[in-house]
Amino acid sequence: MELKPGIYWVGGVDWGLRNFHGYLTHRGSSYNAYLIIDEKVVLVDTVKHYLFEEMLGRIKEIIDPAKIDYIVSNHVEMDHSGALPKMLKCAPNATVVTSVQGEKGLRRHFKEDWKFHVAQSGESLKIGKRTLVFVHTPMVHWPDSMVTYIPEEKLLLPNDAFGQHIASAARFDDELEWGILKEAAANYYANIVLPYGEQVSKALGALGGLAIDMIGPSHGIIWRSRIPDILKEYQKWCTHATEKRALIIYDSMWGSTEKMAHKLKDGLEAAGVPVTMRSLSTNHISDVMTDLICSKLVLIGSPTLNNGMLPTMGAMLTYLKGLKPRNRIGFAFGSFGWGGQAVSEIEAVMKGLNWEMPIKGVNLKWVPDPEELEAVKKTGKELGERLMK
Amino acid sequence: MPDMDKYQCTVCGYVYDPEQGDPDSNVAPGTPFSAIPNEWRCPTCGAEKSDFVKM
């Protein structure tokens with residue numbers, strides 16, 4: 001598939017992928033590799049090792065792989081570098097172009113002494129009619145991450161940035177519904193890029209000055225019709241801007257914490273707040289993050305088991321802590337039999353993230369009284385009124 | 001005279017500026033790099049103090 005004259009998509013589509021190291025990918029994914037035919041032949045990124053043959057087949061339709069002069073490795077992670085060893089066997093004259101951390105990372109991953117060219121940030125490589133410009137974007141989302149920009153084509157190849165886990169026959173943004181793309185891009189950002197808002201903001205600033213009419217990420221569809229839309233979303237997400245919505249994340253053992261969650265919801269709704277309920281017994285942590293990215297108010301509830309929070313909540317909060325969502329309002333709640341430590345454990349996580357916590361957590365013993373549940377509902381309403389102010 | 005030089009993380013490029021400190025991690029402005037506790041981690045990527053170099 002030719003995206004621009006002489007520039008081809010030669011990636012692989014992973015229809016069967018549903019679990020990406022603990023992150024559920026309900027729509028599968030793709031690993032996008034791009035082939036540029038100029039005086040020099042350049043392959044930008046490869047695919048996960050098990051899709052090597054698919055990529056090789058696509059390359060062979062265009063050119064003899066042995067003619068590849070450069071393989072650009074924008075990112076060391078093995079969903080993009082996995083096929084590099086086999087690809088280099090088919091392209092023995094190729095030089096691997098990568099960042100400073102990229103070379104260190106590739107050597108450590110593959111134990112090979114390949115022909116490396118380390119690109120400094122801002123360095124350009126003339127390949128004929130076109131120039132490749134390499135810009136380091138450390139921590140979007142790894143230390144080695146860099147992007148490749150082709151000014152003559154107004155084409156940006158940013159690897160994981162602007163990516164979505166979508167397996168599809170569609171290759172471009174205008175071939176799929178915007179709602180699906182927005183949700184997939186949000187889900188991707190929330191699970192992978194969220195801790196690096198500052199770095200994304202810096203990168204967006206640098207890109208702002210460039211002429212770009214196509215963005216080819218390393219996963220999912222290629223942006224060409226909706227570039228302002230996706231840039232707007234990234235601008236929002238990287239500044240932790242959210243909507244006046246509430247998310248209630250909870251789990252329950254005998255139903256008390258769940259009853260409290262529902263009462264909080266009732267109170268929030270009475271204040272006019274849209275509420276999303278996510279029980280950890282039926283929702284995966286990575287799906288909860290998609291709701292979290294747009295919710296200003298986050299209520300988290302767990303019963304206490306053996307002097308601590310439930311393990312499902314432990315998993316959620318370990319994941320959340322790592323992704324560092326900022327600028328939220330938090331509220332903790334739960335039920336207990338004798339220890340009751342879970343609520344203060346939840347509050348400690350919220351405090352560590354510098355969330356605003358206007359109301360102290362509620363912890364109720366065994367089974368709440370009707371009056372206590374009405375008080376919980378009132379607390380929900382109070383939180384909602386604060387949010388909508 | 002305490003060392004008020006900036007130090008850069010060799011993993012991700014983050015720069016520690018002693019004048020700014022790292023208040024989010026309880027390192028007050030004005031703290032020289034050498035005075036930061038050894039358990040401190042790079043606020044961007046989590047690398048250790050030993051991964052930093054003087055600029």
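This is a predicted model: local features need pLDDT of at least 70, side-chain atom pairs count only at pLDDT 80 or more; totals for chains, interfaces and linings use all residues.
Residues are numbered from 1 along each chain as its sequence is written, chains are lettered from A and ligands numbered from 1 in the order in which they are written, and side-chain values use heavy atoms, with hydrogens and water left out.

Let me begin with the interface, where seven residues of chain B are in contact with eight residues of chain A, contact meaning heavy atoms within 4.5 Å. The two chains bury about 510 Å² between them, and carbon and sulfur atoms give 45% of that; buried area is the accessible area (1.4 Å probe) that two parts lose on being put together, summed over both. On the side of chain B, Val11(B), Cys12(B) and Thr44(B) lose the most area to chain A, together 64% of what that side buries.

What is the count of salt bridges between chain B and chain A? The count is zero, a salt bridge being a side-chain nitrogen of Lys or Arg within 4 Å of a carboxyl oxygen of Asp or Glu.

Over all chains, however, the same rule gives 15 salt bridges. In one of them, the side chains of Asp213(A) and Lys4(A) meet at 2.7 Å, N to O. Asp213(A) lies in the loop between α6 (197-208) and β16 (214-217) of chain A, and Lys4(A) in strand β1 (residues 2-4) of chain A, so this pair ties together parts that are 209 residues apart in sequence. Helices (H or I, at least four residues) and strands (E, at least two) are DSSP runs, numbered from the N terminus.

Turning to helix packing, the axes of α5 (residues 178-193) and α9 (residues 285-292), both of chain A, come within 8 Å and cross at roughly 105 degrees. That makes α5(A) roughly perpendicular to α9(A), a label given to angles of 65 to 115 degrees. Axes here are lines fitted to C-alpha atoms, for helices over the stretch in contact, and angles run from 0 to 180 degrees between N-to-C directions.

I will finish with the backbone, where the peptide bond from Val140(A) to His141(A) is cis, with omega near 0 degrees, and His141(A) sits in the loop between β13 (131-136) and β14 (146-150) of chain A.

Notes: Angles under 35 degrees count as roughly parallel, over 145 as roughly antiparallel, 65 to 115 as roughly perpendicular and the rest as oblique.
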